[in-house]
Each structure stands twice: as C-alpha cells, then as structure tokens.
Amino acid sequence: SGAQGGIDLDDIAEARSQLEGARLSWWALGRGTIGTDDRNTTADVYATTGAFQDFHHMDMLYGSFLPRAGNGSNAAVLNSDLAYRLFGTENAVGLEVSFMGRTFQVCGVCRADDSLLGLMSGNGQFRAYVTGDDLVSTGQLSVGGVEALLPRGAPGEALQALKTAMQDQGLPVGAMLFEDSTEQRRLDGEAAALPPVA
C-alpha cells in the first residue's frame, strides 16, 4: 500500500501487464456524505476494484460484491448498518445512493467487516465500497493502496517481483509499505489441510 501514493490507474495497468498472471487490486478511501434524496449520513467509502474481495473477504448478506470487470457501471456495496440507516432495511439491493456527485446502484449488502481495512478504519463509521475508476481517474480520490497476488509465489519472490516492476516504471518504492504473505498463506493452507497456494 502507498502512504504517499503517486500511483494512478495507468501505473496499475502497467504493473498488471508486467506481472504476468498476477491479480491486482487497489483502493482509495473517501470519507464523506453518502445517501439518498431523503437521508444522508457520513461514511468511510472505499472506491476500489472488484478484485478487492480477493484480499479482503466480505460476508455478503444480500446480493454480491462489486463486479470484477470494469464495465463502467456504478455499483455499491453497503455494510448492513449503513443500509438500515439509509433505507430502513438491510436488503437494499437495487436501490441507489449518491456519493461525491455520482449515483451508485447497490449490488450487495455485507456485514460490518473485520478485514485489514476494516480494522484500520474501525472508528465506528458506516462503510461502503463503490466502483472507483471514475472517482480516481477524475482526481476526486487518490489511490491509497495496491495489492497483488502473484502466481507460483515463494517467500521473497513476489515481493521482489513487485518492487522490480515498480522500479522499471520509475515509481518510488521507498514511499510504499510492502508485505509478502506467501509463507503465511502456505502455513494457513497446511493448517487447514488445503493444497498449498501456488
């Protein structure tokens, strides 16, 4: 993840092309007003890609997470508390919310999450996830973190491959926080009697 960033969507697309077979996800955090014509509230809103759920599991109560393909749709996932606050029901799939001047159709409702980002911003705020390409490409939000899952990983290899790809693009790696979880994924798989992560 990048604390000082400087990474845009073109940089992410270039990294994806250089890291063959990798799954990349990014997120940008916007805190602000989300709501309808009748009700609004303050929330932490993560603009992100559909691959985000590969890295941050969501327990979906209704519907599904954001579409993986960037097909230009404006979709949103609300946590159950936010859905109830705005609509008086947790099942808000198909309804619409506005954030930063854009309208998003709710495609899913999740439980309050305990992912890394959930813990990082565990400030009691309502939380939503929205398709974020437009918000980032127009400069309304800045990329706050990038995550990559590389195939055939071995401890240290994934980390070095990502750093090399970024350096080849002239991106500063010194402002980034890197974590290689390859070994931990292998150990988690063994403890659960699952095949090792490739």
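## Aromatic cluster

Two rings of Phe, Tyr or Trp (for Trp, its six-membered ring) count as a pair if their centres lie within 6.5 Å, and the pair is called stacked if the planes are under 30 degrees apart, edge-to-face if they are over 60 degrees apart, and tilted in the remaining cases. In this predicted model, local features need pLDDT of at least 70 and side-chain atom pairs count only at pLDDT 80 or more, whereas totals for chains, interfaces and linings use all residues. Residues are numbered from 1 along each chain as its sequence is written, and side-chain values use heavy atoms, with hydrogens and water left out.

By the ring rule there are five aromatic pairs. One of them joins F52 and Y129, whose ring centres are 5.6 Å apart and whose planes meet at 40 degrees, so this pair is tilted. Because F52 belongs to helix α2 (residues 52-55) and Y129 to strand β7 (residues 126-131), the pair ties together parts that lie 77 residues apart in sequence; helices (H or I, at least four residues) and strands (E, at least two) are DSSP runs, numbered from the N terminus. Both F52 and Y129 are buried, where buried means under 20% relative accessible area, exposed means over 50%, and partly exposed covers the range in between (1.4 Å probe, protein chains only). Together with W27, Y46 and F65, the residues F52 and Y129 form one aromatic cluster.

## Salt bridges

A salt bridge is counted when a side-chain nitrogen of Lys or Arg lies within 4 Å of a carboxyl oxygen of Asp or Glu, and by this rule the model has three of them. In one, the side chains of R31 and D44 meet with N and O 2.9 Å apart; R31 lies in strand β1 (residues 23-35) and D44 in strand β2 (residues 40-48), 13 residues apart.

Another salt bridge connects D59 and R111, with the closest N and O atoms 2.5 Å apart. D59 sits in the loop between α2 and β3 (60-63) and R111 in the loop between β6 (102-110) and α4 (116-120), so the pair ties together parts that are 52 residues apart in sequence. D59 is partly exposed at 37% relative accessibility, and R111 is also partly exposed, at 44%. R102 and D134 form a salt bridge as well, at 4.0 Å from N to O.

## Helix α1 and its cover

Which residues of helix α1 (residues 9-18) are buried? They are D11, I12 and A15, and because they cover an arc of only 100 degrees around the axis (taken from the directions from the helix axis to the C-beta atoms), they are on the same side of α1. On the other side of α1, D10 and S17 are exposed. The cover over the buried residues includes β1 and β8 (145-149).

## Strand β1 and its partners

Strands count as paired if DSSP finds at least two bridges between them. Strand β1 runs antiparallel to β8, to which it is joined by five bridges, and R23 stands opposite L149 in β8. Nine bridges join β1 to β2, again in an antiparallel arrangement, and a hairpin connects these two strands through four residues. Finally, two bridges join β1 to the antiparallel strand β5 (residues 96-99), in which F99 stands opposite I34.

Key. Contact means heavy atoms within 4.5 Å.
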